[in-house]
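My notebook is open, and I have a few things to look up here. I'll jot them down as I go.

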Amino acid sequence: MEIILAKRAGFCFGVKRATQMAFEAAGKDQKTFTLGPIIHSPQVVQKLEDMGVGVVKDLTNVSDGTVIIRSHGVLASEMEEAQRKHLEIVDATCPFVKKAQEHVKYLSEAGYDVLVVGDADHPEVEGIVSYGKDKVYVVASGEEVRKLPKMTKMAVVAQTTQSFENLKNVVDECLRRGGEVRVYNTICDATAVRQQEATELAQQVDCMIVIGGFNSANTRRLAEICSELQPRTHHIETAQELDPAWFVGVDKVGVTAGASTPKWIIDDVMERLAGINNSD
């Protein structure tokens, strides 16, 4: 059985940066914690907890120590609260997410109705929206733009993991409404690159393995893309979840991983796959 690993599987730039900052901060202060999970990988979160870095949902009961801001960013009010409490802040917000936050703040203050293309319940989007004054709308598709009130000055930004096609559909719908439309492409190409690689790989193999947190939106999307092309697609978090029965009659297996999946987990999966292969 041939095992093919996608070239760009695993950590993107922003996630790699955030985890490095978190592990460097671990142990420097007796009270170190992340505001929300640092990335969408339960295994990385657990590893940090083993090093004494806990996770808090909010800052209500925090009066001192070091707070690490997750890669998805946090609400503007949470950042202000951390500053007000004079906490040591390690801002691991992905620079691409930070740019989207800055655009929303500027555009909102400039009098634009701001549309954020993305998933309203995602922590990244919640954080981006919080930097606007008012009249900030989250839309998941061009269709949702039609339900919005009349606007004369519109500005569009996107959740960093959105597809370019979806952003384009929203922008097209905005243009049909008339008025002024300003567009900032805040999509990170890491997502697009992984999806393109997964699409190509899924068409070449008899089985696909997608590695990453079940709570990771970009990993779930990779699994969906692969499933559409290769029904024998399996989304796993760790090597222990691999079932040898999946590979009966398989000549080629493809492996990819979401942007929040650490290298050590990918290596474990590749090692276990090699073991299953050798036991045939």
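For these notes, helices are DSSP runs of H or I with at least four residues, strands are E runs of at least two, and both are numbered from the N terminus. I am working with a predicted model.

**Entry 1: L229**

By that numbering, I find L229 in helix α9. Is L229 buried, partly exposed or exposed? Its relative accessible area is 39%. Buried means under 20% and exposed means over 50%, so I log L229 as partly exposed. Next I looked for its partners beyond four places in sequence, and found T199, A202 and Q203 in contact with L229. I also checked A198, which lies 31 residues from L229 along the chain; their C-alpha atoms are 9.7 Å apart.

**Entry 2: α8 against α9**

For α8 (residues 189-202) and α9 (residues 217-229), the axes come within 9 Å and cross at roughly 25°. Angles under 35 degrees count as roughly parallel, so I call α8 and α9 roughly parallel to each other. I noted the crossing of α8 and α9 as right-handed. Which residues make the contact? From α8 I listed R194, Q195, A198, T199 and A202, and from α9 R221, L222, I225, C226 and L229. Sorted by type, the residues of this contact are 6 nonpolar, 2 polar and 2 charged.

**Entry 3: T256**

I then turned to T256, which sits in strand β12 (residues 252-257). T256 has 1% relative accessibility, so I put it down as buried. Leaving out residues up to four places away in sequence, T256 touches A6, A9, A198, M208, I209, V210, I211 and L222.

**Entry 4: a four-stranded sheet**

In what order do the strands of the open sheet run? I read β3-β2-β4-β5, 4 strands with parallel pairing. At the edges are β3 (53-56) and β5 (88-91), each pairing on one side only. Neighbouring strands are turned by 30° against each other on average, direction ignored. Looking at one pair, I found 4 bridges joining β4 (residues 66-69) to β5, with the two strands running parallel. One detail I wrote down is that I69 has D91 in β5 as its bridge partner. Last, I saw helix α3 (residues 76-84) packing on the sheet, where it touches β2 (32-35), β4 and β5. The direction of α3 makes about 145° with that of β5.

Technical notes:
Residues numbered from 1 in each chain as written. Predicted model: local features only at pLDDT ≥ 70, side-chain atom pairs only at ≥ 80, totals over all residues. Heavy atoms only, no water. Axes fitted to C-alpha atoms, helices over the stretch in contact; angles between N-to-C directions. Parallel < 35°, antiparallel > 145°, perpendicular 65-115°, else oblique. Left-handed = near helix turned anticlockwise from the far one by under 90°. Contact = heavy atoms within 4.5 Å. Nonpolar A, V, L, I, M, F, W, Y, C, P; charged D, E, K, R; others polar. Buried < 20%, exposed > 50% of the residue type's maximum accessible area, 1.4 Å probe, protein only. Pairing = 2+ DSSP bridges.
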